[in-house]
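Subject: The model, and what I found in it

Hi there,

Here is the structure I promised to pass on. Have a look at it first, and then read my notes below.

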Amino acid sequence: MDYNELIESFAASLGLEGVEIEGGAAAFEIDSMKVDIFHDAEADTVMVYGEIGQPPSDDDRSFGPAMLKANHLFGGTGGATLCQDPETGAYAIFQAFPLDGMDAEALAAQVARIVDKTEHWRGILNAFQVAEQEKGSAAAEEVLLDAIHGGTGGFMRV
């Protein structure tokens, strides 16, 4: 199945009509979130991309670096990559999957994973913003440390 057929089949499985593919990209709204699906023809992969949101402040010295730490060995991302859109400044999460052998059902499963991860990181961003506003940067950094270490505060629970 080629990329265009995959997207058409995926859209049909969700009951979406009139989906347009422009420049190898298709955009969907799933659970009130914009999800983009891109085709990287050179690598023959499908990339699923979910937008997390804008940085918490103009002086973002904590959240961005925390996202980089979560990318380390995919420890906080489950194989996806956190990034920042250079044009809009928005944080996002994406993952690439081989197009070969991909069908609508497999794509739907991968899109669901990215949507879940996007929701997760949106929650972390929101908690960070609330902590930063209410209690200051030290509390906000504690939210990030807890999120990066899976809620363990960096220690193994016994």
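First, some ground rules. This is a predicted model, so local features are taken from residues with a pLDDT of at least 70 and side-chain atom pairs from those at 80 or more, while totals for chains, interfaces and linings use all residues. Residues are numbered from 1 along each chain as its sequence is written, and side-chain values use heavy atoms, with hydrogens and water left out.

**Confidence**

The average pLDDT (the predictor's confidence in each residue, from 0 to 100) is 84, and 84% of the residues score at least 70. Residues 151-158 fall below 50, and beyond near neighbours in sequence this stretch has six contacts in the model; a contact means heavy atoms within 4.5 Å. Where pLDDT is low, the predicted coordinates should not be read in detail.

**Overall fold**

The protein has four helices and five strands. These are DSSP runs numbered from the N terminus, with helices being H or I of at least four residues and strands being E of at least two. Along the sequence, the pattern reads α-β-β-β-α-β-β-α-α. Of the 158 residues, 35% count as buried; buried means under 20% relative accessible area, exposed over 50%, and partly exposed in between, using a 1.4 Å probe and protein chains only. Among contacts with a separation of 6 or more, 57% are between residues 24 or more positions apart.

The five strands make an open, antiparallel sheet in the order 1-2-3-5-4, where two strands pair if DSSP finds at least two bridges between them. Strand 1 (25-30) and strand 4 (81-84) are at the edges with a single partner strand each, so one side of each has no neighbour in the sheet. On average, neighbouring strands are turned by 30° against each other, direction ignored.

Here is how the pairs line up:

- Strand 1 and strand 2 (residues 33-40) run antiparallel and are joined by six bridges; A27 stands opposite D36 in strand 2.
- Strand 2 and strand 3 are also antiparallel, over six bridges, with V35 opposite G50 in strand 3. The two form a hairpin with four residues between them, and D44 in the turn has a positive phi of about 55°.
- Strand 3 and strand 5 run antiparallel with eight bridges, and T45 has P98 in strand 5 as its bridge partner.
- Strand 4 and strand 5 pair in the antiparallel sense over four bridges, and L82 is partnered by I93 in strand 5. They form a hairpin with six residues between them, where G89 in the turn has a positive phi of about 85°.

Strand 3 is mostly covered, with seven of its nine residues buried.

**Helices on the sheet**

Helix 1 (residues 3-14) lies across strand 1, strand 2 and strand 3 (45-53), at about 15° to strand 1. Helix 2 (residues 63-71) packs on the sheet too, touching strand 3, strand 4 and strand 5 (91-98), and its direction makes about 155° with that of strand 4. For these angles, axes are lines fitted to C-alpha atoms, for helices over the stretch in contact, and the angles run from 0 to 180 degrees between N-to-C directions.

**The core**

The largest nonpolar core holds 33 residues, and I37, L107, V111 and W121 have the most contacts inside it. Such a core is a set of buried Ala, Val, Leu, Ile, Met, Phe, Trp, Tyr and Cys residues joined through side-chain atoms within 4.5 Å. Two or more residues come from each of helix 1, strand 1, strand 2, strand 3, helix 2, strand 5 and helix 3 (104-135). Helix 3 gives the largest share, nine residues. Leaving out residues up to four places away in sequence, L107 touches L6, I7, F10, I37, V46, V48 and M102.

**A charged pair**

How many salt bridges does the structure hold? There is one, where a salt bridge is a side-chain nitrogen of Lys or Arg within 4 Å of a carboxyl oxygen of Asp or Glu. It links K34 with D36, and the closest N and O atoms are 3.6 Å apart. K34 counts as partly exposed because its relative accessibility is 46%, whereas D36, at 11%, counts as buried. D36 is in strand 2 and, leaving aside neighbours within four places in sequence, is in contact with A26, A27, M47, V48 and Y49.

Happy browsing!
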